[in-house]
Amino acid sequence: MTSELITVAVPKGRLLDESSHLFERAVGVSPKALLTGTRKLHADAPGAGLRFISIRAADVASYVEHGAAAVGVAGLDVLREEPRDLYEPLDLGIGRCSVIVAWPRGMKPLPKGVAPRIATKYSNLASRHFALKGLPAEIIHLHGSIEVAPSLGLADGIVDITETGETLKANGLVVAEEVLAVSARLIVNRVALKLHAERLRRLIDALRLAVGATAQHGR
Ligand code: PRP
């Protein structure tokens with residue numbers, strides 16, 4: 001963090017478009033526009049007092065927790081999979097999706113006493129979910145392409161994120177239950193919140209208004 005600019009970590013990928021619209025509405029600057037075409041992965045918006053950095057979605061919370069960025073945008077899935085010491089002041093209402101349990105369509109029940117093998121990149125959420133239900137499950141941790149695991153015999157079912165449901169459908173899987181309803185949250189480093197209380201309060205308030213306006217009028 002520099003003394004002049006507040007560093008904001010914005011996720012690459014799916015959330016970049018929607019979070020850029022919110023920042024544009026809130027502070028008049030689009031991180032996507034600023035970061036497009038640069039390999040530097042950071043871009044300054046001195047007029048707004050902000051520096052944007054472009055970070056993988058799964059890493060944003062680490063940057064903010066350790067103070068390398070004061071503020072970030074992160075999905076609730078990531079935040080609940082690996083809880084961290086962060087301030088979460090605002091549901092941004094973007095990146096809506098679900099973490100779900102899904103099984104192959106028409107799957108026969110497993111023999112009594114056999115723990116299902118569950119492929120997932122959300123090992124903690126999945127373990128907690130099955131433990132809360134009192135069902136033993138064997139968790140197989142993967143990093144992506146989770147939906148293909150059952151058809152290859154690697155797992156019986158999956159816990160993964162779904163948005164449109166297209167990937168599940170294309171892989172012959174059906175949703176059994178929701179584990180977590182997800183949207184993106186604004187996250188803030190706790191020390192930064194004390195050091196830059198006034199500026200961060202203003203940023204959070206501006207984003208809250210932008211979220212409200214987007215909900216009312218769309219983009
Ligand atoms: C996520 C998720 C599914 C897909 C679901 O993958 O893991 O594969 O999106 O989207 P849908 O319901 O709209 O089809 P992501 O794109 O994050 O990539 P990954 O396979 O690397 O996890």
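Which residues does the domain assignment of the chain give to domain 1, and which to domain 2? Keep in mind that you're looking at a predicted model. Domain 1 takes in residues 6–95 plus 183–217, while domain 2 covers 97–182.

Now for how the two parts sit relative to each other. Going by C-alpha atoms, the centres of domain 1 and domain 2 are 30 Å apart. At the place where they touch, seven residues of domain 1 are in contact with 13 residues of domain 2.

How much area do they hide from each other? The size of an interface is often given as the accessible area lost when the parts come together. Here, domain 1 and domain 2 bury about 810 Å² between them, and 48% of that lies on carbon and sulfur atoms. On the domain 1 side, look for Asp77, Arg80 and Glu81: this trio supplies 63% of the area that domain 1 buries against domain 2, more than any other three residues.

Next, the links across the boundary. One salt bridge is counted between domain 1 and domain 2. Glutamate 163 and arginine 14 form a salt bridge, with their closest N and O atoms 2.5 Å apart. There are also seven residue pairs in polar contact across the interface.

Finally, zoom in on helix H4, residues 76–81: with four residues, it gives the most to the side of domain 1 that touches domain 2. Sorted by class, that side has four charged, two polar and one nonpolar residue.

Technical notes. Residues numbered from 1 in each chain as written. Predicted model: local features only at pLDDT ≥ 70, side-chain atom pairs only at ≥ 80, totals over all residues. Heavy atoms only, no water. Domains from an automatic or database assignment. Contact = heavy atoms within 4.5 Å. Buried area = accessible area lost by both parts, 1.4 Å probe. Salt bridge = Lys/Arg side-chain N within 4 Å of Asp/Glu carboxyl O. Polar contact = N/O pair within 3.5 Å; in protein donor to acceptor, adjacent residues only side chain to side chain. Helix = DSSP H or I, 4+ residues; strand = E, 2+ residues; numbered from the N terminus. Nonpolar A, V, L, I, M, F, W, Y, C, P; charged D, E, K, R; others polar.
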